[in-house]
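Let's take a friendly walk through a protein model together. Have the sequence and the 3D view ready, and follow along as each part comes up.

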Amino acid sequence: MPDKRERHLLISGFGGQGIVLAGDILGKAATLYDHKHATMTQNYGPEARGGACSSQVIISGEEVLFPCVEEPEILVCMSQEAYTKNIKSLRPDGTFIWDTDLVHTRKTDMHFKTFHIPATRMAEELGNKMMANIVMLGFLSAIEPVVHAEAIRKAVMDSVPASTKDNNIRAFNTGREYGTSITKGLVKPEPGKHQD
Amino acid sequence: MVAKEVLTGMHFMNGDEACCEGALAAGCRFFAGYPITPATEIAESMSRRLPQLGGIYIQMEDEIASMAAILGASWGGVKSMTSTSGPGFSLMMENIGLGICTETPCVVCNVQRAGPSTGLPTLIAQGDMMQARWGSHGHYEIIALSPSSPQEMFDMTIRAFNLSETYRLPVLMMADEVVGHMNERVVIPYEDEIEIISRRKPSVSREEYLPYKADDDWIAPMANCGDGYRIHVTGLTHDERGYPAMNAEAQERMVTRLVNKIRKNRDKIIATKNLYMDDVEVVVVSYGISARSAMKAVRDARSEGIRAGLIKLETVWPFPEELFRSVAGSAKALIMAEINGGQMVLELERSVRGACPVKLVSNFGGAIIHPRTILDAISKAAKGKL
């Protein structure tokens, strides 16, 4: 069993979506700005783009020894393949977060704490779908505050090209506002896509 | 803005990037390499950072040429390195031998992935440990280090350069895919807190200087090309002048010194980290990423009341055989955790000479060893059921 003090997250999608960058930003935020220990490892295949890809993040008050996330408590899926591959690993009481437009879930998933956001569509509306990962981080920060939002904002600023900083912060805030409004029950999420 | 040589401060970076920063902090200003997963980020970081510092980055046609280029750069007086993974490490073998024979300081970082051959390019193994020891032909001694975290990638790369400059040979960093690709906190100290060692220069006149005549510690002072001293660099067996000498006596004299400069200085080179070793019954031995699984298993065993301890090899070559011989007398068992079919465990068995049972916990690569697997072996060993 993983150490109880450790928070285990799995962010998954396909190569090119910035999945590893999202994990890197989260770990950086926890380490440099929240002054915790964090370990981020990545899984990917030989393909440069399009293949299944994931980043595993462990955040802890103490040094992390075993860096693998086997049973995440928070699972983020940004592709159907990532969902199919990883949903079985999520802890029964875990939080399942996905991109509304990219993942068809099953009704049986609804025993998890479930949240979804059209992150890629929102990023497109903000001008660049490559920011879907940052929208997702904003959403995650509202749903599961494992790292302070301000810490993530600082880590985003450290991690993206200078000319895109403003847009990325906007993307983060968009995702966070959407998440906050859902957790407060201010808006009803648009229906997700189920298959059964 | 002027780029900094030493990025003092706290960072969240991966092991490959930390290796690059460690090299730069150690004074490396020449990198020749060929990108290969999972070592590519070392080359990539070097290609960005070295030009900022007035250094040289060359992407070579292959790993044979890469290794040759860093030897040449070192003789030119510049601290140099290359990085690679399994297939490239195989190609480097002949010129690593040239570096040993010509006593050329440099660093080679092998971020190990699973083989044989192309194997699993993006997944871990620790299968090149014996290749590191014996992969080049002929008889020689080698120094190899094994980092377990991005922080150790930084720290040990500096040590690798210091060892290579002290003992005049290629020093191997035997990293692995998980450590290379893992992001963690890396604290980079102030520049004046980092110990930097550079090759010993000749202290005699140009007329008296012999490039392969050792001091009392078996190490020969090194003049760089262009310093004005007469030098000759050849992979043929040579005398103290560096001239080829094709006979058994010259061979005996040269190889004795190449071997002794490491063997006679083993105590200064070997480094281990020992945990919970005071009252230990079951000793786990490991290195690289596997040592972290081992540490977790040892801590879990302690919480179950089993007197387990860990010896983490920071230098894997030379192997600390005296240490294990002394530990074996009082231990119930030694357990080696490594990601290969059993390589360093052979050295462990050889060292303890049957004084206690030695058990291997391993897989052939693709995944790191689970702490539970090691804990099971510890439990069995504590009950005398290995």
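Begin at B:R353, which sits in the loop between helix 12 (344-352) and strand 15 (358-362) of chain B. Keep in mind as you look that this is a predicted model. Phi of B:R353 is near 50°, a positive value in a residue other than glycine. Most residues other than glycine have a negative phi. Is B:R353 buried or exposed? B:R353 counts as exposed, because it has 11 C-beta neighbours inside 10 Å, and a residue with 12 or fewer is placed in that class.

## Chain B as a whole

Now zoom out. The secondary structure of chain B comes to 13 helices and 15 strands. Its radius of gyration is 21 Å, close to the 21 Å that the globule rule gives for 386 residues, so chain B is as compact as a globular protein of that length. Along the principal axes, the C-alpha atoms of chain B fill a box of roughly 70 × 55 × 40 Å.

Of the 386 residues in chain B, 52% are buried. Sequence distance is worth a look too: among contacts in chain B between residues at least 6 apart in sequence, 76% join residues at least 24 apart.

## Two domains in chain B

The domain assignment of chain B gives domain 1 (9-193) and domain 2 (271-382). The C-alpha centres of these two domains of chain B lie 26 Å apart. Where they touch, 24 residues of domain 1 of chain B are in contact with 21 residues of domain 2 of chain B.

Which element gives the largest share of the domain 1 side of this contact in chain B? Helix 5 of chain B does, with four residues. By class, the side of domain 1 of chain B that touches domain 2 of chain B has 17 nonpolar, four polar and three charged residues.

## A helix to follow

Helix 6 (residues 150-167) of chain B has 18 residues. From its first C-alpha to its last, helix 6 of chain B reaches 25 Å, close to the 26 Å expected at 1.5 Å a residue. Helix 6 of chain B is mostly covered, with 17 of its 18 residues buried. Just after this helix, B:R168 takes a positive phi of about 55°.

Strand 5 (residues 106-114) of chain B runs antiparallel to strand 6 of chain B, and two bridges join them. B:R113 stands opposite B:I124 in strand 6 of chain B. The hairpin of these two strands of chain B has five residues between the strands, and there B:S117 takes a positive phi near 55°.

B:P116 also belongs to the loop between strand 5 and strand 6 of chain B. A cis peptide bond, with omega about 5°, joins B:G115 and B:P116. Most peptide bonds are trans. Another cis peptide bond joins B:T37 and B:P38, with omega about 0°. B:P38 lies in the loop between strand 2 (30-33) and helix 2 (40-52) of chain B.

## A loop residue in chain B

B:D217 is found in the loop between strand 9 and helix 8 (248-263) of chain B. With 14 other C-beta atoms within 10 Å, B:D217 is partly exposed. B:D217 and B:I262 are 45 residues apart in sequence, and their C-alpha atoms are 9.7 Å apart in space.

## Meeting chain A

Chain A has six helices and eight strands. The radius of gyration of chain A is 15 Å, close to the 16 Å that the globule rule gives for 196 residues, so chain A is as compact as a globular protein of that length. Its C-alpha atoms fill a box of roughly 40 × 40 × 40 Å along the principal axes, and 50% of the 196 residues in chain A are buried.

Look for A:H35 in the loop between helix 1 (19-33) and strand 2 (37-44) of chain A. Phi of A:H35 is near 55°, a positive value in a residue other than glycine. A:H35 counts as exposed, with 11 C-beta neighbours inside 10 Å.

## Where the chains touch

Terms used:
Residues are numbered from 1 along each chain as its sequence is written. Chains are lettered from A and ligands numbered from 1 in the order in which they are written. This is a predicted model: local features need pLDDT of at least 70, side-chain atom pairs count only at pLDDT 80 or more; totals for chains, interfaces and linings use all residues. The expected span of a helix is 1.5 Å times one less than its number of residues. A residue is buried if 20 or more other C-beta atoms lie within 10 Å of its own, exposed if 12 or fewer, and partly exposed in between; C-beta atoms are placed from the backbone. The radius of gyration is taken over C-alpha atoms; the globule rule is 2.2 Å times the number of residues to the power 0.38. Two residues are in contact if their C-beta atoms, placed from the backbone, lie within 7 Å. Domain bounds come from an automatic or database domain assignment. Ala, Val, Leu, Ile, Met, Phe, Trp, Tyr, Cys and Pro count as nonpolar, Asp, Glu, Lys and Arg as charged, and the others, Gly among them, as polar. Two strands pair if DSSP finds at least two bridges between them.
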